[in-house]
Amino acid sequence: MARTTPHDHSPLPDPPLYWRVATRLLDELRDGGIPPGERLPSERKLAEHLGVSRETVRQALEVLRRDGLVATDRRGSHATLPGPAVRSPSSLTFPVGARATDPGGAVDRATVTWEAPPPEHAEALGLAPHRPTLVHRYESAGADGRGRRTAVTSFSAVALSEVEELARYRDRADGAATAQLHRAYDWMRKAGLTLHHRDSITPLADAPSVRVRRRVHDQYARPLEITDLLVDAQQEALVYEFTLPAAG
């Protein structure tokens, strides 16, 4: 609906669509959905998220660039609002339960294969039965064989299509070469994906172990990966650490 000035009744046109989209993007940036320095989703993803055309998104981003709120380089566009630098969340280790240090001479081994994932993983990731994907296997144990952990992670088609560092592993996924993907979550975030994870812990009835299942999805509720970790519950405790920034 057109507006009028307080001095007369001549109508003022509504702001153009790209201007309204720029305002909405700025609100989302200020809400912290995209922290300073983080890459924005692609124009295609923003268009889908906002329900507008890519051209409208392009015009909206140009408005924000002119005001110094968004910058663009060879990696894409990123927020430049004042705020603390983005740091990798230490609580999101890959795979879940991986040892960040070397306690007592622990031995780690990790490999990747290109194969059909476990049926439960395929269902969670929205993959057709028997469709292959990148599967990561992780093993860790102390020098004396105690405190053994094993983890199996399956990645979704979305993760492999949008995270180029992961996609590169397809050609060398022979199950033999070492593949420590410690930075997998960092790669996802650099690709413009916001990570939401849910961990569930279940004791196993037939063994003195617990299973930790982690599911990770992005800001569009698309599954990215699922991990099953088995931990020897008689030998050690599984500790989760969460760090929250101070308010204001």
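Arg 214 sits in strand S9, residues 209–217 (strands are DSSP E runs of at least two residues, helices H or I runs of at least four, both numbered from the N terminus). The model is a predicted one, so local features need pLDDT of at least 70 and side-chain atom pairs pLDDT 80 or more, while totals for chains, interfaces and linings use all residues. Residues are numbered from 1 along each chain as its sequence is written, and side-chain values use heavy atoms, with hydrogens and water left out.

On to strand S6, residues 133–141: seven of its nine residues are buried, so the rest of the structure largely encloses it. S6 runs antiparallel to S7 (residues 149–155), with six bridges between them (pairing takes at least two DSSP bridges). Val 135 has Ser 154 of S7 as its bridge partner.

Then there's the largest nonpolar core, with 22 residues (buried Ala, Val, Leu, Ile, Met, Phe, Trp, Tyr and Cys joined through side-chain atoms within 4.5 Å). Phe 155, Leu 166, Leu 181, Met 188 and Leu 224 have the most contacts inside this core. Helices H5 (157–162) and H7 (184–190) each supply at least two of its residues, and H7 gives the largest share, four residues. A second, separate core has 17 residues, including Leu 25 and Val 70.

How values were computed
Buried < 20%, exposed > 50% of the residue type's maximum accessible area, 1.4 Å probe, protein only.
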